[in-house]
Amino acid sequence: MSTNACSSVFVGLDWAVHTHAVCVVDITGRVLERFEIAHDREGLAELMRRLARFGARVRIAIERPSGLIVDALVEAGHRVFPIHPNAVKASRPRYRSHGAKSDASDAYLLADLLRTDGHRWGELSPQSDSIRALRALVRSRDDLVATRVALGNQLRSTLEAFWPGAACIFCDITSPIGLAFLKRYPSAVSATRLSEAALNRFCRSQHYSGRRSPAELLVRLNSAATGLAGPLTNEAAGQLVRSMVAVLQPLVEQIAELTRRIERFVESLPDGQIIMSFPRAGRVCAAQILAELGDVRERFPTLDQLASEAGAVPVTYQSGKTRSVAFRWACNHRLRQAITCLADNSRHANDWARSIYAAARARGCDHPHAIRILARAWLRVIWRAWTDRIPYDPARHLGALKLASSEGG
């Protein structure tokens, strides 16, 4: 088949863990070919060979914007159009009334959606290797942090059931000193003879920099409720604590190592310097934002597209005289979390951000809603700085200058 045929061919690829269903249709919607490929080296090679028969730059619809197969298709020069799963789900009744789902039918649905509604989907542009590396580091760290939080909650629940004092002696039981304490004293029995002098030696060995003295820490430990478990239960719970500490300690160390790597990496990127220039953006939060924002400016040609991607604007439903505004669920949740984190931090260091947050709270918005309003305001500035490739400059921020002028007057 001629390479010019790619302009009249549409491919739908239904992604799965082990195999991928592929459907190729022509400009009229007629199925030209259906096949499945395995998610391995041979399968990807076969996919490229079969697609090459239809052209060098075939248009392909898929439900995910990233991943190994997406990267392989983009690197091969094909035009990849990610379609949100919600759009695919909403389109199924258009093709069949029974509502059943299969990989083969979804592959056809994706191909036909691209044929009929291709103007609605944006083509995926390849990110630079730096952004892809940063995204891998940031997302892996976020996943490890979520695991640490889950294990930390499990550890705290175990302690509160039989030794509550150990759960509150330090503010964070998953901190290095908190885990070191539990490793040495996994149960109340093991800490029976713990004195102020012994606790002082322990804190010094761990380079404790908290504001509480060993005497205060000991009071906090001993003043907590006393567990009522029997000897066998205490022994079993102590073993559980040792097991969870053994898992958490290397996990916390690896998170710290990844954090240091991310901080060095984002500082070395020009776009990283742009995001880090915003008030209280920090380095990890800036890396989280940049990892999802990317460095392809064509991806977000307008502010509204970026705001929708970040979930910083609500969804409006209107029909006749009925109108409602609802929370936006379909968005890039990682980007929303990073942007709202920056917004929440910025209100403690920036007068303009503080005034927007305060005005939202005065209108009756709760804290999360007020932070989203502030995030939407910051996105306007971030998008402009990112688009123009210039760091944030308070002297050029019209909103901040207007606030300073009104307060000065």
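Me: Strands are DSSP runs of E with at least two residues and helices are runs of H or I with at least four, both numbered from the N terminus, and two strands pair if DSSP finds at least two bridges between them. With that in mind, what order do the strands of the open sheet have?

Reply: This is a predicted model, in which local features need pLDDT of at least 70, side-chain atom pairs count only at pLDDT 80 or more, and totals for chains, interfaces and linings use all residues. Residues are numbered from 1 along each chain as its sequence is written, and side-chain values use heavy atoms, with hydrogens and water left out. The open sheet has 5 strands with mixed pairing, and their order is β3-β2-β1-β4-β5.

Me: Which are the edge strands?

Reply: In the order β3-β2-β1-β4-β5, two strands stand at the ends. An edge strand pairs on one side only, and this holds for β3, residues 31–38, and for β5, residues 79–82. The edge strands are therefore, by the pairing rule of at least two bridges, β3 and β5.

Me: By what angle are neighbouring strands of this sheet turned against each other on average?

Reply: Axes are lines fitted to C-alpha atoms, for helices over the stretch in contact, and angles run from 0 to 180 degrees between N-to-C directions. For neighbouring strands of this sheet the direction is ignored, and the average turn is 20°.

Me: Which residue in β4 is the bridge partner of Val 11?

Reply: Strand β1, residues 9–14, and strand β4, residues 59–62, run parallel and are joined by 4 bridges. The bridge partner of Val 11 in β4 is Ile 60.

Me: Which helix packs on the sheet, touching β1?

Reply: The helix touches β1, β2 (19–26), β3, β4 and β5, where contact means heavy atoms within 4.5 Å. Its direction makes about 140° with that of β1, and it spans residues 103–117: this is helix α4.

Me: Is Asn 234 buried or exposed?

Reply: Asn 234 has its place in helix α10, residues 231–267, and, not counting residues up to four places away in sequence, it touches Phe 162, Ser 187 and Ala 229. Buried means under 20% relative accessible area, exposed over 50%, and partly exposed in between, with a 1.4 Å probe and protein chains only. Because its relative accessible area is 13%, Asn 234 is buried.

Me: How far apart in space are Trp 329 and Val 315?

Reply: Trp 329 has its place in the loop between β7 (322–326) and α14 (333–346), and its relative accessible area of 64% is why Trp 329 counts as exposed. In sequence, Trp 329 and Val 315 are 14 residues apart, whereas in space, C-alpha to C-alpha, the distance between them is 8.8 Å.
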